[in-house]
Amino acid sequence: MKIRALILGLAALVPATAIAAKAVDWTSRVTVSPIGGHVMGNPAAPTKVVEYISYTCSHCAHFVNEGAPQLKAGWVKTGKATVEVRNAVRDRYDMTAALLARCGGPARFYGNHAALFANQSAWISQIEAYEAANSKPSPDQKPSAILQDIGNKTGLYTVMAKRGFSPKQLDACVADPAALKAVTGMTNDAWNVTKITGTPSFLLNGKLMADTSTWEALRAALPGGGK
């Protein structure tokens with residue numbers, strides 16, 4: 001009894017901060033994968049989710065707004081799983097948003113990503129008007145100038161300005177050749193190599209999941225998610 005009491009007494013002397021320090025929040029760890037996706041979570045996690053998204057996809061917005069927070073809280077935060085967002089771009093508006101999401105580097109990515117999807121309905125409505133007036137860009141325009149014009153006139157820059165980015169910074173992000181190469185490469189891989197059939201699509205531990213485009217379907221496939 002004396003030994004047990006001694007152990008309990010020593011435990012009581014351990015600072016609470018030391019115990020708290022052991023609880024890592026893995027959602028704060030974001031790195032870039034070899035293909036250019038953004039990986040959140042514990043690199044040693046046994047479960048690895050890859051999410052293919054398009055910023056102009058309403059189903060993707062629903063997943064990011066409703067399912068992604070639950071995935072992060074229940075699996076990523078505790079180190080059980082990682083999630084990697086990859087692009088599967090469908091059009092020039094999607095490309096503009098994808099390049100803007102990468103502004104500020106890996107530490108800003110998931111905040112930008114969530115903000116773009118949270119405000120999708122507002123900027124999508126402006127895109128419809130923009131498309132009607134600018135269906136055929138001038139052949140004299142550089143590709144980066146076309147994307148910058150889209151960002152400026154469809155509300156995408158407005159969303160990013162609320163994230164603290166200046167117009168000059170946003171123009172530079174959209175014109176970044178390395179970012180363009182990464183997004184284009186992921187897009188080609190998604191549609192032509194992995195052969196996803198739509199967005200969102202998911203890989204679970206490297207295997208493309210059939211008929212899975214909702215949080216409910218993905219959750220059921222995660223360890224402990226079917227309970």
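Trainee: Which residues of α7 are buried?

Mentor: Please note at the outset that this is a predicted model. As a general idea, a residue counts as buried when its relative accessible area is under 20%. In helix α7, the buried residues are Ile146, Leu147, Gln148, Asp149, Ile150 and Gly151.

Trainee: What covers the buried residues of α7?

Mentor: The cover includes α4, α6 (120-133), α8 (156-161) and α9 (167-174). After α7 comes glycine 155, which has a positive phi, near 95°.

Trainee: How should I read the packing of α4 against α7, and at what angle do their axes cross?

Mentor: The general idea is to look at the helix axes and then at the side chains. An α-helix has 3.6 residues a turn, so residues three or four places apart point the same way. In this case, the axes of α4 (residues 92-101) and α7 (residues 143-153) come within 9 Å and cross at roughly 85°. The two helices, α4 and α7, are therefore roughly perpendicular to each other. On the α4 side, the contact is made by Arg92, Tyr93, Met95, Thr96 and Leu99, and on the α7 side by Ile146, Leu147, Ile150 and Gly151. By class, these residues of the contact of α4 with α7 are 6 nonpolar, 2 polar and 1 charged.

Trainee: Which residues make the contact of α4 with α5?

Mentor: The axes come first here as well. Those of α4 and α5 (residues 106-118) come within 8 Å and cross at roughly 145°. Ala97, Leu100 and Ala101 of α4 meet Phe109, Asn112 and Leu116 of α5 in this contact. The contact of α4 with α5 has 5 nonpolar residues, 1 polar residue and no charged residues.

Trainee: Let us turn to the sheet. What is the order of its strands?

Mentor: In general, strands of a sheet pair through backbone hydrogen bonds, either parallel or antiparallel. Here the chain has 11 helices and 6 strands. The open sheet of 6 strands runs in the order β1-β2-β4-β3-β5-β6, and its pairing is mixed. Its edge strands are β1 (30-32) and β6 (207-208), each of which pairs on one side only.

Trainee: In what sense does β3 pair with β4, and in what sense with β5?

Mentor: With β4 (residues 81-87), β3 pairs in the parallel sense over 7 bridges. With β5 (residues 201-204), β3 (residues 47-53) pairs in the antiparallel sense over 4 bridges. You may follow each pairing through residues that stand opposite one another. Lysine 48 stands opposite threonine 82 in β4, while valine 50 faces leucine 203 in β5 and glutamate 51 faces phenylalanine 202 in β5. Strand β3 is mostly covered, with 6 of its 7 residues buried.

Trainee: Is threonine 82 buried or exposed?

Mentor: Threonine 82, which is found in strand β4, is buried, with a relative accessible area of 6%. Leaving aside neighbours within four places in sequence, threonine 82 is in contact with Val39, Met40, Gly41, Asn42, Pro43, Ala45, Thr47, Lys48 and Val49.

Trainee: How do I read the two faces of a strand, and which residues of β5 lie on each side?

Mentor: In a regular strand the side chains alternate between the two faces of the sheet. In β5, Ser201 and Leu203 lie on one side and Phe202 and Leu204 on the other; these residues are all buried, and both faces are covered.

Trainee: How many bridges link β5 and β6?

Mentor: They pair in the antiparallel sense over 2 bridges, and leucine 204 stands opposite lysine 207 in β6. The hairpin of β5 and β6 has 2 residues between the strands, and asparagine 205 takes a positive phi near 50° there.

Trainee: Finally, what share of the residues of the chain counts as buried?

Mentor: Of its 227 residues, 42% count as buried. Among contacts between residues at least 6 apart in sequence, 75% join residues at least 24 apart.

Definitions and conventions
Residues numbered from 1 in each chain as written. Predicted model: local features only at pLDDT ≥ 70, side-chain atom pairs only at ≥ 80, totals over all residues. Heavy atoms only, no water. Axes fitted to C-alpha atoms, helices over the stretch in contact; angles between N-to-C directions. Parallel < 35°, antiparallel > 145°, perpendicular 65-115°, else oblique. Contact = heavy atoms within 4.5 Å. Nonpolar A, V, L, I, M, F, W, Y, C, P; charged D, E, K, R; others polar. Pairing = 2+ DSSP bridges. Buried < 20%, exposed > 50% of the residue type's maximum accessible area, 1.4 Å probe, protein only.
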